[in-house]
Amino acid sequence: MSTEVREELKIIPAKVSIVKHVRYVYACRNCEQNEVSTPIVTATMPKAALPGSIASPSAIAYVMTQKFVEGMPRYRQEQQWERMGIELSRQTMANWMVQGSERWLRPVYERMREHLIKRDILHADETTLQVLHEPGRAADTVSYMWLYRTGRDGPAIVLYDYQTTRAGRHAKKFLEGFKGYLHVDGYEGYKGIPDVILVGCWAHARRKFDEALKAIPETSEGIASVAKEGLDYCNKLFAIERELRDVTPEKRYEERLKRSKPILDEFYSCLKYHMSRVLPKSVLGGAIRYCLNQWDKLTAFLLDGRLEIDNNISERSIKPFVIGRKNWLFSNTPKGARASATIYSIVETAKENGLNPFEYLKYLFEKLPNMDVEDKEAMDEVLPWLTSLLVCCRVK
């Protein structure tokens, strides 16, 4: 008469198997018996990602994905492997990640960086990192993970860069050759990068007025009204941006000059008026001072319709690292921190382009050992924004 269908989710846990690679060696028996020399031919075999190791492309990709996508520290992975019947130490996993990153992922990273600096609009941010064994530094010394990424135009590229300090010279070196607009927060370290116009973040400015409004006692109605006025100006700017989200850059540029610029002019006059009338060290005074000090950067979004009003895209991209850091807490060595930066760059760029990070990493560890990683044209064929990769590596 009919059929009834009931669907369920079925989980197939990860399992481990041994794959043996066998190749034959051939010799000519006739030559062996009748000739002076005997030709010997050995069948071809795909090269190993880590020669002399039991690590397969899928095993390396799995270990990397568990830590840098799922946020699982190595000691918990070690326990997970043990439950699957495999003794795999955290030190071995660390070696896999460092060696796999340096041998094969770093050339992909460097090629992505070359594509990144050819753009004319980028975003940047930075966050802290603890590295235990940095030469000449105490274990609790703060290091930094810098982030650079593309904006809404073109395929997404997300790159992390480990450095020992927050000095502006690191950004200057990484962005060498870049010319255009750079979205940043209020950090002064980005100043002085040649041929770069800094674009400020209105989300930071709005957040400061919101914090000021929350910190002001209910009895201080006059001061609260000033904080609310500043917050209202920010909200008006964001409301305009939401309306212009899907228009062309040319239309957005025109509408910003027509609608946003008058609001900015009013806001600037308001800030100048209240600056001398509030306590400079108060939360509200800090919000006003931030806007005035950053005004050139905060108004730079008017220069081009492709620019953003905030730097939220960078904050969203650096968040996976911040969340992961809460689980694994620190890097043991500078090599490990550098490997972390490289692997995070690969998996986050893959995610931004609709790829499954595990499948893409496995693809790279299968492909790269059998090609010339110094050939830039060949490297362009494995970059994560290629549509051909959607067949084998896309999110199902």
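Student: Let's start with E308: why is it called buried?

Tutor: Its relative accessibility is 13%, and buried means under 20% relative accessible area, exposed over 50%, partly exposed in between (1.4 Å probe, protein chains only). So E308, at 13%, counts as buried. Bear in mind that this is a predicted model, where local features need pLDDT of at least 70, side-chain atom pairs count only at pLDDT 80 or more, and totals for chains, interfaces and linings use all residues. Residues are numbered from 1 along each chain as its sequence is written, and side-chain values use heavy atoms, leaving out hydrogens and water.

Student: Where does E308 lie, and which residues does E308 touch?

Tutor: E308 is in the loop between α10 (295-298) and α11 (312-328). Helices (H or I, at least four residues) and strands (E, at least two) are DSSP runs, numbered from the N terminus. Not counting residues up to four places away in sequence, E308 touches H123, R152, H183, V199, R245, R256 and F301. Contact here means heavy atoms within 4.5 Å.

Student: What makes E308 and R152 a polar contact?

Tutor: Their side chains come to 2.7 Å. A polar contact is a pair of N or O atoms within 3.5 Å; within protein, one must be able to donate a hydrogen and the other to accept it, and residues adjacent in sequence count only if both atoms are side-chain atoms.

Student: R256 was among the residues E308 touches. What makes R256 and E241 a salt bridge?

Tutor: Their closest N and O atoms are 2.7 Å apart, and a salt bridge is a side-chain nitrogen of Lys or Arg within 4 Å of a carboxyl oxygen of Asp or Glu. The pair links distant parts of the chain, with R256 in helix α8 (residues 249-275) and E241 in helix α7 (residues 221-243), 15 residues apart.

Student: Are R256 and E241 buried or exposed?

Tutor: R256 has a relative accessible area of 0%, so R256 is buried. E241 is at 10% relative accessibility and therefore counts as buried.

Student: What about R259 and E255: what makes them a salt bridge?

Tutor: The N to O distance between their side chains is 3.8 Å, so it falls within the 4 Å limit. Both residues lie in helix α8, 4 residues apart, about one turn of the helix. E255 counts as buried because its relative accessibility is 13%, whereas R259, at 28%, counts as partly exposed.

Student: How many salt bridges does a search of the whole structure find?

Tutor: The search finds 26. One of them joins the side chains of K376 and E114 (3.5 Å, N to O). K376 lies in helix α14 (residues 376-380) and E114 in helix α4 (residues 90-116), so this pair ties together parts that are 262 residues apart in sequence. R111, E114, K376 and D380 are linked in a network of salt bridges.

Student: Why is K376 called partly exposed?

Tutor: K376 has 46% relative accessibility, so it counts as partly exposed. E114 is partly exposed because its relative accessible area is 25%.

Student: How do you know that the span of helix α6 agrees with its number of residues?

Tutor: The expected span is 1.5 Å times one less than the number of residues. For the 14 residues of α6 (residues 202-215) that should be 20 Å, and the end C-alpha atoms are 20 Å apart, so the two agree. The buried residues of α6 are W202, A203, H204, A205, F209 and A212.

Student: Then comes I216, in the loop between α6 and α7. Why is I216 called buried?

Tutor: I216 has a relative accessible area of 14%, so it is buried. Leaving aside neighbours within four places in sequence, I216 is in contact with I223, A224 and A227. The C-alpha atoms of I216 and L284, 68 residues apart along the chain, are separated by 8.4 Å.

Student: What makes the phi of D195 worth a look?

Tutor: D195 has a positive phi of about 60° although it is not a glycine. Most residues other than glycine have a negative phi. D195 lies in the loop between β6 (180-183) and β7 (196-199), and D195 is exposed because its relative accessible area is 52%. L329 also has a positive phi, near 70°, and lies in the loop between α11 and α12 (334-352).
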